[in-house]
Every structure is written in structure tokens, then in C-alpha cells.
Amino acid sequence: MSVIETNSLRKHYGRIEALKGVSLKVEPGQIYGLLGQNGAGKSTMVKILLGIVKKTDGDAYLLGEPAGTTNVRRRVGYLPEDHQFPGYHTGRSLLHFYGELYGLSRDERTRRMNEALDIVGLKKRADSKIKTYSKGMKQRLGIAQSFFHDPEVIFLDEPTDGVDPVGRKEIRDLLGELKKEGRTVFVNSHLLGEVEMISDRVAIIHQGEMVREGTVADLTRQANRFSIGLADGQEFPAAELKEKGFRVETANGKAEVELPDGQSIDPVLELLWAKGLKLRHLVEQKQTLESVFMQMVDKATDDTDRRAVRKARPVTARRVD
Ligand SMILES: Nc1ncnc2c1ncn2[C@@H]1O[C@H](COP(=O)(O)OP(=O)(O)OP(=O)(O)O)[C@@H](O)[C@H]1O
Ligand SMILES: [Mg+2]
């Protein structure tokens with residue numbers, strides 16, 4: 001059973017169409033990233049799944065129940081975007097407060113407290129008032145609040161919002177820990193590099209519509225482009241490969257080979273070996289999630305606005321040898 005499932009989910013706020021029929025599935029134990037620009041519909045999606053906002057049409061299920069069912073809420077954690085915890089609470093008293101809301105007994109709250117504070121690195125400041133916390137500390141407390149009652153699924157709406165690079169790395173590691181414990185994590189973000197590093201699967205939504213969905217590896221792979229380097233002093237047989245129908249560019253002692261659709265790299269390697277040439281590196285070209293995202297957004301914009309200018313996007317390399 002999927003942890004989250006939506007089918008043709010729609011949401012209108014008056015005349016604004018926030019979601020225009022989004023279908024996705026999240027399986028147990030995944031970190032699932034929902035990506036999109038400001039206003040794409042990410043928070044709306046989470047709010048519908050949690051029953052905070054009512055859908056207009058389509059289906060949304062959470063833990064096998066229609067979204068919004070109250071008994072499911074107990075099994076779910078949530079870090080809202082732009083949360084404002086009362087500044088007069090301390091980290092510790094806030095967790096007691098939320099723990100109580102979720103029905104944890106005092107003993108249970110006390111038993112879990114130090115571990116939760118420790119996991120998010122707030123043990124030392126647990127008894128300071130929240131109004132003295134930095135933005136990053138508030139975010140980490142918010143994440144502690146989201147998993148304090150031991151939920152199966154955790155929704156984090158922009159968990160690294162306003163957090164510095166060190167803090168962001170810590171939050172990423174923290175999400176990895178939550179996953180290791182077997183929890184499912186649903187993350188909303190517009191920080192693509194971030195999501196690329198932690199998510200098992202991602203969905204890209206643009207103006208309420210799903211434009212891509214898949215594993216990060218699938219979305220960023222460019223299986224038909226390879227960068228090949230030979231041992232020092234050896235010359236790349238570019239002309240011969242071109243004759244065989246490959247597109248080849250050489251620069252700085254390396255060759256970029258583009259395979260025709262559906263072709264494998266094997267014939268290229270066989271030719272190199274047959275000529276007694278030695279490989280020094282072989283790298284499958286990989287796009288960043290950001291470049292995939294920008295292409296998608298350009299395309300989606302292009303489809304509705306022919307005047308949009310499509311720009312060339314950089315690619316980065318990933319070693320496959
Ligand atoms: N309560 C509301 N009333 C009217 N319109 C709303 C409401 N909430 C959201 N919207 C609109 O719905 C669309 C999607 O908003 P949503 O907050 O889901 O986007 P988002 O992807 O979370 O954006 P961000 O990255 O800025 O948080 C936007 O056009 C927004 O203005
Ligand atoms: Mg949002």
C-alpha cells in the first residue's frame with residue numbers, strides 16, 4: 001500500500017487553480033521531494049493531504065485513508081512553512097506542548113525529550129526561550145516537533161528555509177536519519193540541489209501541473225552522452241567514430257561522444273580497444289536537477305507562451321567507472 005496517493009487532484013481557490021489534476025504515489029520509507037517555484041501548489045498539496053484545506057476534485061489518500069481523516073493525523077508529523085512558535089516557550093516546553101496535543105503522556109514526553117533535542121542538536125539551548133533562537137534553531141525545533149510523537153509519515157514544508165549551508169547539511173542528515181528509522185518523509189522545496197541530494201523520488205510541479213516525476217537518477221541521467229579520456233599522448237579516433245554515425249567533439253584531450261538513440265557505448269569502447277588505446281576515464285554525462293527543472297519550466301512556459309526564450313543549460317559530469 002502506498003503511504004500517499006493522489007489521483008487527478010484539483011484545488012481551486014476561487015478563480016485561482018492551485019492544483020490542476022496532480023497524480024502521485026509515495027511508497028513507505030521513501031524521501032519524496034515535491035519541487036516547484038513559488039506558487040506552484042506545493043503547500044496546497046500538503047495541506048490537502050493533511051486535511052487542512054479541502055480538495056476541489058480528484059482523490060487524495062494518506063496511509064490508506066481518504067485525506068483529512070482525523071485518526072490518521074496522529075500517525076503523521078508536519079512542519080508547516082513560515083511557522084511561528086510562541087517566543088515565550090522554550091524548546092523543551094514547546095515539545096511538551098505539541099507532544100500533549102498528540103496525546104503523549106507526561107512520562108512518555110519526558111522519556112523522548114532528551115533524545116529528540118539531541119537528534120536536532122538543541123540539547124544545550126533546550127531551556128532558552130524560542131525568541132532567543134536563531135532561524136536555523138527554530139527550524140530544527142520545528143523538525144523535532146514534527147517527529148516527536150513518533151509518526152510514520154512526516155511532511156516538511158521548506159525545512160531548510162532561511163538556514164545556512166552548515167545547518168542545511170545537518171537538516172539533510174537528519175532527514176536521512178528519519179528515513180533510516182523507516183519513516184516516510186515528504187519534503188516541499190524550491191531548493192533543487194538540496195532535494196537532489198536527499199530524495200529517492202521527486203515530482204516537479206509547475207503552475208499546478210505535474211511536469212516530471214521519477215527517481216533523481218532517472219530524471220538527471222543523460223544516457224546518450226559520454227565524456228571519454230585516453231591515456232597521455234594517445235589520439236582519439238574522432239573521424240572514425242563520426243563515420244560510424246556518432247557525434248564527437250574533442251577538447252582539452254577529452255572527447256564528448258553522443259550516441260544515437262538506443263545505441264550502447266559498447267561499439268565505441270570496442271573500437272578504442274581494437275586500436276590498442278587505453279581509457280583513462282569514462283564518464284556518463286549527468287544533468288543537475290536544476291537544469292532538468294529549468295528545461296521543464298521553460299518548456300511548460302513555452303507551450304503556453306511561444307515568445308518564451310529557451311536557453312541552453314549547463315551539464316555536469318558524473319563518473320560511472
Ligand atoms: N488560501 C488561499 N487563498 C487563495 N489563494 C491561495 C491560497 N493559498 C494558496 N493560494 C494560491 O494557490 C497557488 C499555490 O499556492 P501554494 O502556497 O500551494 O504554492 P507553493 O508551491 O507552496 O509556493 P511557495 O514556494 O511560495 O510556498 C498560488 O497561486 C497561491 O496564491
Ligand atoms: Mg509553499
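Now widen the selection to both strands. β12 (residues 247-251) and β13 (residues 254-258) are antiparallel and share 5 bridges. Strands count as paired if DSSP finds at least two bridges between them. Helices (H or I, at least four residues) and strands (E, at least two) are DSSP runs, numbered from the N terminus. The two strands make a hairpin with 2 residues between them. Click Asn-252 in that turn: its phi is positive, about 50°.

**Check the confidence**

This is a predicted model, in which local features need pLDDT of at least 70, side-chain atom pairs count only at pLDDT 80 or more, and totals for chains, interfaces and linings use all residues. Residues are numbered from 1 along each chain as its sequence is written, while chains are lettered from A and ligands numbered from 1 in the order in which they are written. Colour by pLDDT, the predictor's confidence in each residue, from 0 to 100. The mean for the protein is 88, and 93% of residues reach 70 or more. Then select 306-321, where pLDDT is below 50. Beyond near neighbours in sequence, this stretch has 28 contacts in the model. A contact means two C-beta atoms, placed from the backbone, within 7 Å. Where pLDDT is low, the predicted coordinates should not be read in detail.

**Zoom out**

The protein has 11 helices and 15 strands. Its C-alpha trace spans about 75 × 45 × 35 Å along the principal axes. Of the 321 residues, 35% are buried. Buried means 20 or more other C-beta atoms within 10 Å of a residue's own, exposed means 12 or fewer, and partly exposed lies in between; C-beta atoms are placed from the backbone. Among contacts with a separation of 6 or more, 69% join residues 24 or more positions apart.

Colour 4-207 as domain 1 and 221-321 as domain 2. These bounds come from an automatic or database domain assignment. The domain centres, taken over C-alpha atoms, are 38 Å apart. Ala, Val, Leu, Ile, Met, Phe, Trp, Tyr, Cys and Pro count as nonpolar, Asp, Glu, Lys and Arg as charged, and the others, Gly among them, as polar.

**Open the sheet**

Select β2, β1, β4 and β5: these 4 strands form an open antiparallel sheet in that order. β2 (16-26) and β5 (65-66) are at the edges, each with a single partner strand, so one side of each has no neighbour in the sheet. β4 (residues 57-62) is joined to β5 by 2 bridges. Find Tyr-61: Pro-66 in β5 stands opposite.

**Step to the loop**

Ile-52 lies in the loop between α1 and β4. This residue is partly exposed, with 15 other C-beta atoms within 10 Å. Draw a distance to Gly-68: the C-alpha atoms are 7.3 Å apart, across 16 residues of sequence.

**Finish at ligand 1**

Show the 13 residues around ligand 1; the closest are Tyr-13, Asn-38, Lys-42, Ser-43 and Thr-44. A residue is near the ligand if its C-beta atom, placed from the backbone, lies within 6 Å. β2 and α1 (42-50) each supply at least two shell residues. α1 gives the most, with 3. The shell has 4 nonpolar, 7 polar and 2 charged residues.
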